[in-house]
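I opened my notebook to see what I could look up in this one. Come along and keep the picture in view.

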Amino acid sequence: MMNHSRWRTARERALRGEVEAPRIAAQREQIRLAMDLGQLVYDRRKVLGLSEEDLAGLLGTDADEFEAIEVGSVLPLTSELLSRIAAALRVDVDVRWNADGAVVTFDDRAA
């Protein structure tokens with residue numbers, strides 16, 4: 001039987017000085033980045049007044065695939081996907097890496 005009371009979050013492990021395996025840290029970073037991208041897609045879709053179906057069509061995907069993007073479960077993120085999102089939402093997508101990890105942002109294109 002497992003003892004769930006021994007599970008700790010990444011933050012708790014870091015505070016205790018425990019080192020996370022690089023593979024796990026990379027996976028955690030990909031998940032965080034995908035979730036951030038999903039939130040940006042949702043926010044931009046709302047600004048443009050598009051329905052999920054409208055944006056799925058612009059992305060050339062079906063509703064299930066689009067939902068996966070918006071909830072942040074599309075892994076790994078690819079340049080092809082980011083390019084399609086940029087075109088459909090009329091934004092420039094910027095991904096930068098800093099000491100805290102990757103950051104994804106959208107910049108509106110001038111009309």
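**Contacts first.** I began with contacts, meaning heavy atoms within 4.5 Å. In the protein chain, 50% of the contacts with a separation of 6 or more come from residues 24 or more positions apart.

**A note on the model.** I am reading a predicted model, where local features need pLDDT of at least 70, side-chain atom pairs count only at pLDDT 80 or more, and totals for chains, interfaces and linings use all residues. Residues are numbered from 1 along each chain as its sequence is written, and side-chain values use heavy atoms, with hydrogens and water left out.

**Helices and strands.** I found five helices and two strands in the protein chain, in the order α-α-α-α-α-β-β along the sequence. These are DSSP runs numbered from the N terminus: helices are H or I with at least four residues, strands are E with at least two.

**Overall form.** The radius of gyration is 17 Å, well over the 13 Å that the globule rule gives for 111 residues, so the protein chain is more spread out than a compact globule. The radius is taken over C-alpha atoms, and the rule is 2.2 Å times the number of residues to the power 0.38. I also noted that the C-alpha atoms fill a box of roughly 50 × 35 × 20 Å, taken along the principal axes.

**Burial.** How many of the 111 residues count as buried? I wrote down 26%, with buried meaning under 20% relative accessible area (1.4 Å probe, protein chains only).

**The core.** Next I looked at the largest nonpolar core, which has 20 residues. Such a core is a set of buried Ala, Val, Leu, Ile, Met, Phe, Trp, Tyr and Cys residues joined through side-chain atoms within 4.5 Å. L37, V41, L55, L59, I85, L89 and F106 touch the most other members. At least two residues each come from α2 (22–48), α3 (52–59), α4 (63–70), α5 (79–89) and β2 (101–108). Helix α5 gives the most, with five residues.

**Two residues up close.** Not counting residues up to four places away in sequence, L37 touches L77, L82, I85, V104 and F106. I then moved to I85, which sits in helix α5. Is I85 buried or exposed? I85 counts as buried, because its relative accessibility is 1%. Last, I checked I85 against A56: they are 29 residues apart in sequence and 9.9 Å apart in space, C-alpha to C-alpha.

Conventions
Buried < 20%, exposed > 50% of the residue type's maximum accessible area, 1.4 Å probe, protein only.
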